[in-house]
Amino acid sequence: MSPTGKTRPTGRDRLRDSVLAGDLSFLLARANALTLAAANAALAEHGLKARSYSVLALAADDTRPTQRELAEFLRLDPSQVVALIDGLERRQLVERRTDPADRRANVLVATDAGRALFTRAQASARAVELGLLAAVPPEDHERLAHLLRTAAGLARPLP
């Protein structure tokens, strides 16, 4: 019992009511950790993890990002991006091509095999997302996505 005579919650319920339950930074970090764990488990069947999936997704999207752009957008050290690209390239999922706008830079392009793998992996990633958002009403999904894009500095005005 607590000093007030009330029964105190135990275990996870006790922590669920802690000061961190209202801390947005903690909540974002916890949601990220849960999402990454679930995504990595689902993507493993495709030989990917969240980071390699992200690189493949951007390459398959025909955005033709440079390695520098990938590092900045994904908030990774450039050496981490090089290692991710090297791994995808060894599997013949992406190719580095000279950027026609800047011959000193490389852009990343998905191969046909990379596009096919991305399509399959995207379905797995989407299933994880829907599972994690099962408690969020479907009509709130786009609003949540907008709020997260805003927090991540990627927002566009809502329609």
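Good morning. I begin with helix α3, whose buried residues are Ala50, Ser52, Tyr53, Val55, Leu56, Ala57, Leu58, Ala59 and Ala60. Buried here means under 20% relative accessible area, exposed means over 50%, and partly exposed lies in between, with a 1.4 Å probe and protein chains only. Helices (H or I, at least four residues) and strands (E, at least two) are DSSP runs, numbered from the N terminus.

A word on the source. This is a predicted model, in which local features need pLDDT of at least 70 and side-chain atom pairs count only at pLDDT 80 or more, while totals for chains, interfaces and linings use all residues. Residues are numbered from 1 along each chain as its sequence is written, and side-chain values use heavy atoms, with hydrogens and water left out.

Let me stay with α3. Of its 11 residues, 9 are buried, so the helix is mostly covered. What provides the cover? The elements over these buried residues include α2 (24-43), α4, α5, β1 (94-99), β2 (102-110) and α6 (112-132). Contact, in this talk, means heavy atoms within 4.5 Å.

The axes of α3 (residues 50-60) and α5 (residues 78-90) come within 10 Å and cross at roughly 75°. That makes α3 roughly perpendicular to α5, since angles of 65 to 115 degrees count as roughly perpendicular, under 35 as roughly parallel, over 145 as roughly antiparallel and the rest as oblique. The axes are lines fitted to C-alpha atoms, for helices over the stretch in contact, and the angles run from 0 to 180 degrees between N-to-C directions.

Which residues meet there? From α3 they are Arg51, Ser52, Val55 and Leu56, and from α5 they are Gln80, Leu84, Ile85 and Leu88. By class, this contact of α3 with α5 has 5 nonpolar, 2 polar and 1 charged residues. Ala, Val, Leu, Ile, Met, Phe, Trp, Tyr, Cys and Pro count as nonpolar, Asp, Glu, Lys and Arg as charged, and the others, Gly among them, as polar.

Next, the loop after α3. Most residues other than glycine have a negative phi. Asp62, which follows α3, has a positive phi near 60°. Asp62 sits in the loop between α3 and α4 (67-74) and is exposed, with a relative accessible area of 51%. Arg64 lies in the loop between α3 and α4 too, and its phi is positive, near 50°. At 34% relative accessibility, Arg64 counts as partly exposed.

I turn now to the whole protein. It has 7 helices and 2 strands, arranged along the sequence as α-α-α-α-α-β-β-α-α. The radius of gyration is 20 Å, well over the 15 Å that the globule rule gives for 159 residues, so the protein is more spread out than a compact globule. That radius is taken over C-alpha atoms, and the rule is 2.2 Å times the number of residues to the power 0.38. Along the principal axes, the C-alpha atoms fill a box of roughly 70 × 35 × 35 Å. Of the 159 residues, 28% count as buried.

Finally, one pair of residues. Asp13 lies in helix α1 (residues 11-16) and is partly exposed, at 41% relative accessibility. How far is Asp13 from Arg96? They are 83 residues apart in sequence and 50 Å apart in space, C-alpha to C-alpha. Thank you.
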